[in-house]
Amino acid sequence: MIKNLKKNHFLLASLLVLIASAPISAQINLYTHRHYDSDKILFEKFTKETGIKINVIKGSADQLIQRMISEGKNSPADILLTVDAGRLHRAKEAGVLQSINSKTINKNVPSEMRDPDGFWYGLTVRARVIVYAKDRINSNELSTYEDLATAKWKGKIAIRSSGNIYNQSLMASLIEANGSRRALRWAIGVRKNMARAPRGNDRDQVRAVAAGLADIAVVNTYYLGILANSKEKKDRDVFNKVSVFFPNQNNRGTHINISGAGIAKYSKNKSDAIKFIEFLTSPEAQETFGKVNYEYPLFIENNKSDLLKSWGTFKADKQNLSILGIRNSEAVKLFDRADWK
Amino acid sequence: MEIKHVKNELLFKTNSWTFIAILIGLIIFLPISEVFIQLFNPSESWPHLKKTVFSTYLINTIVLTIGTGLLSTLIGVFCAWVIACCEFPLKKFFEWALILPLAIPTYVSAYAYFDILELSNPILIWVRENINLEAMQSLNSFFVYFFTILVLSSVLYPYIYLLARASFLKQGNQLIEAGLSLGHNINEIFWKIALPMARPAVFAGLSLVIMETLNDYGAVKHFGIPTFTSGIFRTWLGMGDMSGALKLAAYLMLLILILLLIEKKARSRARYHENSGSNKPFKKIILSRKKSIVTIALCSIPFLFGFLIPVFRLSLWAFISQDVIRNISLLSLVKNSLFLSVAVSLLTVVLALLLVFSAKYFQSKLTSFTNRFAILGYSVPGAVIAMGILLLSAQINKIYVDIILTGSLLILIFAFITRFFAVAWQPIDSGMEKNCKNINDASRSLGIPAIFSLIKVNIPLIKNTLITASILVFIDSMKELPLTLILRPFNFNTLSTATFDLSSQAQIVESSIPALCIIMIVAIPLISLNLKGKNKLQ
């Protein structure tokens, strides 16, 4: 009997999924690239405080954007959440986001971390840093991203594939800072300095340094947090063998990227969606991101995570992050030309 | 087909059966046709792609395909031969154990071996210090290809093993005994009789291995080998150029088409003298003690690499990350996966049965022709089909503004049917050809209604085939990743998407729990399939 009931419920539920796209009050539909515990905690908290339910579809940002395009006016999405400013810019260009103007959000998000036209807003910050083997490299040998292309690093750098968005964004920031010709030369220089052909994720680059295969690696701070708090002792050992260096402190600052969100163009629950972004950018939610997910808050100096604090404070590149999107496809093409896999 | 034929077909063989079958066949083909149409749209980044990365994609794809194909054939044929024709201790165990790697999707295998390349670190460092950097880098590239091929082959070889084993068992009796009585030794029999005879089966298995290799995204991405499939994603999503991505997809399909043609040619030539004679059990070759030990050792390697080690590691990780179970609501993942796979397998089999029957019963060439289009989906990577579906639903959304197609369970099921239609179609087609042809001819001339013939005669006759077909589709659906990833509805996660989500947020350890569930759920029908095959052949 119980079994039957359950079965019926299940059938009913799947039927509902089939027909349901009509908006029911007090819920918002979220398309998200992020799948972190911190988000889950925050979503639950938001629902508890406001009574607004959050429906989630997870997927890679690009696929979610494609999906919003193909859904057009019928798209049930209210919010798009990604882990990179470049993708948010692409979503804006694709016409799937809408501009909003909220005083609270504008106060909560520094101007360089949101779209100049109000189409998307940063939620958390990650810095792309250099890690180095404590036992082989002295921090004063390191200086800038540009320096990584010089011959002194030949065979010493571990960095992931150019298919990765964080590298593409770093490249976009270099194009913006130095022009495309020098950026291409930089990419060729770094490619020649690689200890091995790129593979794996950011953590694998740190592993390569720890194993002695390379001396330095370019990685996101978030991944260092994962390694440091891994359940596997092997990972924690890897983390303990390296130190963090923030490049370009004497000029424009370290390249940063954001996780961010924008309201869908055809959102049917706009005001609730704005409330949600206001909530995520609030100081209280910002603290949760840092503690649970090793991400910097939007105002980096407010960082409360002990791990992130242990790496010291740093100066971040103040360039408006929409540039990462504007320069993205050029970055990919330059990587191709530099034969950076 | 000639115009005259088409006219005849339309005049004499169109009835509600063939009409519906043709329509369904074309609908199943629609998403793929969307991809083809895009070929003619201009792509701004195509010249760039051709100049820079195209040759890399091509070379890598070919190297990977050849490497995986060769290694899988080597393992598959060897295991099939000793299991089918030799007698040695533990044979009963290996007989089914060697199939188990098929339960592991390639991306899960890659995650289970995510750090395998670290094994080569000491060697690489030694080479760098004692020879030079360049030597180390070439050696590193070699290791990358080697281990990727190893990881892929270790879970794909069972396709060849299964088909070759069936073929060896079939020929066994007469040919091998004849060979022995003519004084040939066992080596000669294998190379001169058994292997050439099993060639069509081996090629059929090989073509499955190749398609799976080309379809793989997770493993090549993880090991950093840029292939066509990863290039498609990079161009589509990284450069935002869908038509460039589709052009790459078209080249990939061209490559597949060439391979399929080669396979078909190899098969049709050999089918000519295939013997379907008696299937009595035959006297097996009893291996000496020394040979038995070697055989057992050799059979253990694929089982170890393809199943035991990954499952062991995943279990270990699952153990240390038990607390994740709460967060991922495992029960609903299992339910969703099962619901989706069962629905897809039933629908696919029913549709395949309808299409095959309509084509065969009414001897409708036009239906056979459209059927061929409907089965193309299996050779198209899941991601490409998903792109076709997105295009299709965008067009439909434009016309009928009220329907929302993407993100409904219905469209996901439809996508699965397009992708796996061939998996059900192939066995049903050959089953009906073998078992029902004459009786259908008879019932047609007696004027018995088609529906009666289908239900009372055809279905009972090919009941086993239908069950096998639905199991095969079920297994493929459980393992499928890219389609579900791109097209899933709100709050709808399956075991495979949960595995991918967790591992893509750098939690490979945590992803072990849903991954293990896939393996366990798939292993059960896999073993039952093995038993079925055995009963039929022995």
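Trainee: How do the residues lining the largest cavity divide into nonpolar, polar and charged?

Mentor: Keep in mind that this is a predicted model. The lining of that largest cavity splits into 13 nonpolar, four polar and six charged residues.

Trainee: What makes it a cavity, and how much space does it hold?

Mentor: A 1.4 Å probe fits there but cannot get out, so the space counts as a cavity. About 320 Å³ lies inside. Of its 23 lining residues, Thr106(B), Tyr107(B), Asn215(B), Lys479(B) and Leu481(B) are the closest to the centre. Several helices of chain B each supply at least two lining residues, among them helix 10 (186–215) and helix 22 (463–479).

Trainee: Why are Glu118(B) and Arg207(A) called a salt bridge?

Mentor: Their closest N and O atoms are 4.0 Å apart. The cut-off is a Lys or Arg side-chain nitrogen within 4 Å of an Asp or Glu carboxyl oxygen, so the pair qualifies. Chains A and B have three salt bridges between them.

Trainee: Where else does Glu118(B) turn up?

Mentor: At the second largest cavity, where Glu118(B) is one of the residues nearest the centre, along with Arg196(A), Arg199(A), Asp204(A) and Phe114(B). That cavity has a volume of about 140 Å³, and helix 8 of chain A gives the most to its lining, three residues.

Trainee: How do you know how much area the two chains bury?

Mentor: Buried area is the accessible area lost on putting the parts together, summed over both, so the figure of about 5300 Å² covers both chains. Of that, 54% is on carbon and sulfur atoms. The contact takes 61 residues from chain A and 64 from chain B.

How values were computed. Residues are numbered from 1 along each chain as its sequence is written. Chains are lettered from A and ligands numbered from 1 in the order in which they are written. This is a predicted model: local features need pLDDT of at least 70, side-chain atom pairs count only at pLDDT 80 or more; totals for chains, interfaces and linings use all residues. Side-chain values use heavy atoms; hydrogens and water are left out. Contact means heavy atoms within 4.5 Å. Buried area is the accessible area (1.4 Å probe) that two parts lose on being put together, summed over both. On a 1 Å grid over the protein atoms alone, a cavity is a set of points where a 1.4 Å probe fits but cannot get out, and a pocket is an open set with protein on both sides within 12 Å along at least five of seven lines; lining residues have an atom within 4 Å of a point. Grid points are joined across faces, edges and corners, and a volume is the space filled by probe spheres set on the points. Helices (H or I, at least four residues) and strands (E, at least two) are DSSP runs, numbered from the N terminus. Ala, Val, Leu, Ile, Met, Phe, Trp, Tyr, Cys and Pro count as nonpolar, Asp, Glu, Lys and Arg as charged, and the others, Gly among them, as polar.
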